[in-house]
Number of protein chains: 2
Amino acid sequence: VTPETAPNRTEVRRADRDATDEAPEILVQGLVAHVGFVIEGQPYVIPFTYHFDPASPGKLYLHGSTKGRALEHFASGAPICVEVSLLDGLVYSKTAFFHSMNYRSAVCFGRARIVEDEAEKRAVFEKLIGRYFEGRTAPRDYTSPTAEHLSVTTLVRLTIENWSAKARRGGPNGPHDKDPDAPGSAGVLDLDRPKPA
Amino acid sequence: VTPETAPNRTEVRRADRDATDEAPEILVQGLVAHVGFVIEGQPYVIPFTYHFDPASPGKLYLHGSTKGRALEHFASGAPICVEVSLLDGLVYSKTAFFHSMNYRSAVCFGRARIVEDEAEKRAVFEKLIGRYFEGRTAPRDYTSPTAEHLSVTTLVRLTIENWSAKARRGGPNGPHDKDPDAPGSAGVLDLDRPKPA
């Protein structure tokens, strides 16, 4: 079995939580990409800043320093997994079992390559700054990357082969949560959006 | 090379960002564990709720439904990686290259097994609810898990073999960020703590 033929790589087993049509919006709202890769059978997960543009949904850019084991590995085109989660609320119930979280989570599978083209690198870095700092633009707010700065920064482009997303919404589902006379308390502790998780 | 002998599994390459002594505090503050594992060479990353107690730093519990590919895999004792990140601020600079993030991130390596012991399961679930909802206790706020509920919930115990943590703090480090006469703007957009990422 190769990664390409692994069964059900993006299957969401609980149909009630499938939110694959929301994957682009989750990737737009997220701030941290949790990137999984394998070296010699050992899994690693490292957080990265990233850029995703819903107008180009087949790719996702990861940004890191030129140092680091992860980026060296990415250059090889090995399979990677990128997960982005948004934590929307903490759900509490009158019954222990029904405590939960409201979240939206997307996962992307594919292979990544280091971006060598300077024009692509430059364009993505400018967009990435605008994604993290809405409305921030050069040269008003900052000076654009120099060729030297571009040369010591690594940008990785993931070609997304497939993705899925899941979500949980709403209040607690315990048997007594809608009964005001039942002992205990139930509700949702909302967390401000957008909230990376 | 086996996972145990893989070189430098927890090395933090940038010494200025090493924060391994903060790993317990990061795990205490985090809300989401990003769990990496490998099936047939393919990396996966899935978000979980979790429990970590700094008084028992050698283990970490992951909580999921009984369904799901990940938990089936965990039962095998295969190597996994658990990453928890806290996003503290967005750092903006007068120079594109010096935009950054303030974060704290911990990563744990080890092997995991499903917890079969009902007393351990029960105790961890009660503590987990108290960790996510400070001060929430049974029977005042909710009814404790029934044996039936425990039987359909899966708890996984990771034995942490090693861990590391890294952090970035402070303002931007661009060459003009402390010069009020230089064009553009520089600073930190603080995000409320604790902030999972």
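Tutor: What follows goes from the make-up of one chain to a few single residues.

Student: How should I read the numbering and the values?

Tutor: This is a predicted model, where local features need pLDDT of at least 70, side-chain atom pairs count only at pLDDT 80 or more, and totals for chains, interfaces and linings use all residues. Residues are numbered from 1 along each chain as its sequence is written, chains are lettered from A and ligands numbered from 1 in the order in which they are written, and side-chain values use heavy atoms, with hydrogens and water left out.

Student: How many helices and strands does chain A have?

Tutor: Chain A has four helices and seven strands. Both are DSSP runs numbered from the N terminus: helices are H or I with at least four residues, strands are E with at least two. Their order from the N terminus is α-β-β-β-α-β-β-α-α-β-β.

Student: And what share of chain A is buried?

Tutor: Of its 197 residues, 53% are buried. Buried means under 20% relative accessible area, with a 1.4 Å probe and protein chains only.

Student: Which residues have the most contacts inside the largest nonpolar core?

Tutor: They are L62, F74 and V82, in chain A and in chain B, in a core of 92 residues. A nonpolar core is a set of buried Ala, Val, Leu, Ile, Met, Phe, Trp, Tyr and Cys residues joined through side-chain atoms within 4.5 Å.

Student: What does F74(B) touch?

Tutor: Leaving out residues up to four places away in sequence, F74(B) touches V35(B), F37(B), F48(B), L62(B), I80(B), A112(B), R113(B) and V156(B). Contact here means heavy atoms within 4.5 Å.

Student: Switching to α3 of chain A. Which residues are buried there?

Tutor: K121(A), V124(A), F125(A), L128(A), I129(A), R131(A) and Y132(A) are buried in α3(A). Seen down the helix axis, they fall within an arc of 155°, so they line one face of α3(A). The arc is that of the directions from the helix axis to the C-beta atoms.

Student: What span should that helix have?

Tutor: Helix α3 of chain A, residues 118-132, has 15 residues and should span 21 Å at 1.5 Å a residue, which agrees with the 21 Å between its end C-alpha atoms. The expected span is 1.5 Å times one less than the number of residues.

Student: Where is H99(A)?

Tutor: H99(A) sits in the loop between β4 (79-92) and β5 (100-114) of chain A. With 11% relative accessibility, H99(A) counts as buried.

Student: Which side chain does its side chain make a polar contact with?

Tutor: The side chain of H99(A) pairs with that of R136(B) at 2.9 Å. A polar contact is a pair of N or O atoms within 3.5 Å; within protein, one must be able to donate a hydrogen and the other to accept it, and residues adjacent in sequence count only if both atoms are side-chain atoms. A polar atom of the H99(A) side chain also lies 3.3 Å from the backbone oxygen of T95(A).

Student: Is K94(A) buried or exposed?

Tutor: K94(A) is buried, at a relative accessible area of 7%. This residue is in the loop between β4 and β5 of chain A. A polar atom of its side chain lies 2.8 Å from the backbone oxygen of D179(A) and one lies 3.0 Å from that of A182(A).

Notes:
Buried < 20%, exposed > 50% of the residue type's maximum accessible area, 1.4 Å probe, protein only.
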